[in-house]
Amino acid sequence: MSRRSGILEFAVLGLLREAPMHGYELRKRLNTSLGIFRAFSYGTLYPCLKTLVASGWLIEEPAGDPADTGPVTGRPAAASPSLTGRRAKIVYRLTAEGKEHFEELLSHTGPDAWEDEHFAARFAFFGQTEREVRMRVLEGRRSRLEERLEKMRASLARTRERLDDYTLELQRHGMESVEREVRWLNELIESERSGRDQRRSSPEGSAQQDTPGETGGLPRHRDDTRPDPSDDTAK
């Protein structure tokens, strides 16, 4: 499996965990909610959906089938005949196995989770991710960007005299984008730590567990200072 197809499968499972959808709805959500999928086609989405169905992580159901509102059984519903002769729209639903697989993917914190596209997808589902996992992903991403920033500075120092003004400004712009994301990550990490410390210091803190959906009090940003994790200039 390629890295990009793995990211797409992760995102599809995450969106379908929220609610069943048909292909058009999924593509729209991927385009609007996850910027890293702005330019991909149904020719990319449907093979991914077929793979997830074959793996037992999704089931296909005709749109409007009564089973759409029932519990996930892990078995495909019987298709009802079309009265108009047109092909019925297919709804994709997460199975119990698919939910378990997605939760396993959410717990992964290795280097892949720190890369540009994968981090953007992971961050989009932080509301469903446990606090400790969020912290490890954020800290790993920060470490990766700090390494990148150090290399960019060293490269600029070596080549500064050979660059024309416009190329120099382009490299500075790239460095500033990375520096801005590092500052953003620092604020997120501090907010996560502050939220955890507040829970520990509360009277009932010892009886509470960190659960997915706790944001830890995200820092407020002006729209012009919060970086897009999928921004190509930060690569």
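Reader: How many salt bridges does the structure hold?

Author: The structure, a predicted model, holds 14 salt bridges.

Reader: What makes Arg 17 and Glu 103 a salt bridge?

Author: Happy to go through that pair. The closest N and O atoms of Arg 17 and Glu 103 are 2.9 Å apart. A salt bridge needs a side-chain nitrogen of Lys or Arg within 4 Å of a carboxyl oxygen of Asp or Glu, so this pair counts as one. Arg 17 sits in helix H1 (residues 3–18) and Glu 103 in helix H4 (residues 96–106), so the bridge ties together parts that are 86 residues apart in sequence.

Reader: How do you know that S1 and S3 pair?

Author: Pairing takes at least two bridges between the strands. S1 and strand S3 (residues 90–94) have 2 bridges, in the antiparallel sense, so they meet that cut-off. In S3, Val 91 is the bridge partner of His 22.

Reader: Why is one side of S1 and of S2 left without a neighbour in the sheet?

Author: The open sheet has 3 strands in the order S1-S3-S2, paired antiparallel. Strand S1 (21–22) and strand S2 (58–62) are at the edges with a single partner strand each, so one side of each has no neighbour in the sheet.

Reader: And what lies across S2 and S3?

Author: That is helix H3 (residues 42–54), running at about 110 degrees to S2. The axes of H2 and H3 also come within 11 Å, crossing at roughly 115 degrees. Among the residues making that contact are Tyr 24 and Leu 30 of H2, and Tyr 42 and Tyr 46 of H3.

Reader: Which residues form the nonpolar patch on the surface?

Author: Tyr 24, Tyr 42 and Tyr 46 form it, with about 290 Å² of accessible area together. Tyr 24 belongs to helix H2 (residues 23–33).

How values were computed. Residues numbered from 1 in each chain as written. Predicted model: local features only at pLDDT ≥ 70, side-chain atom pairs only at ≥ 80, totals over all residues. Heavy atoms only, no water. Patch = residues over 30% accessible without salt bridge, like charges linked within 9 Å, V, L, I, M, F, W, Y side chains within 5 Å. Areas by Shrake-Rupley, 256 points an atom, 1.4 Å probe, with all protein chains shown as cover. Helix = DSSP H or I, 4+ residues; strand = E, 2+ residues; numbered from the N terminus. Contact = heavy atoms within 4.5 Å. Axes fitted to C-alpha atoms, helices over the stretch in contact; angles between N-to-C directions.
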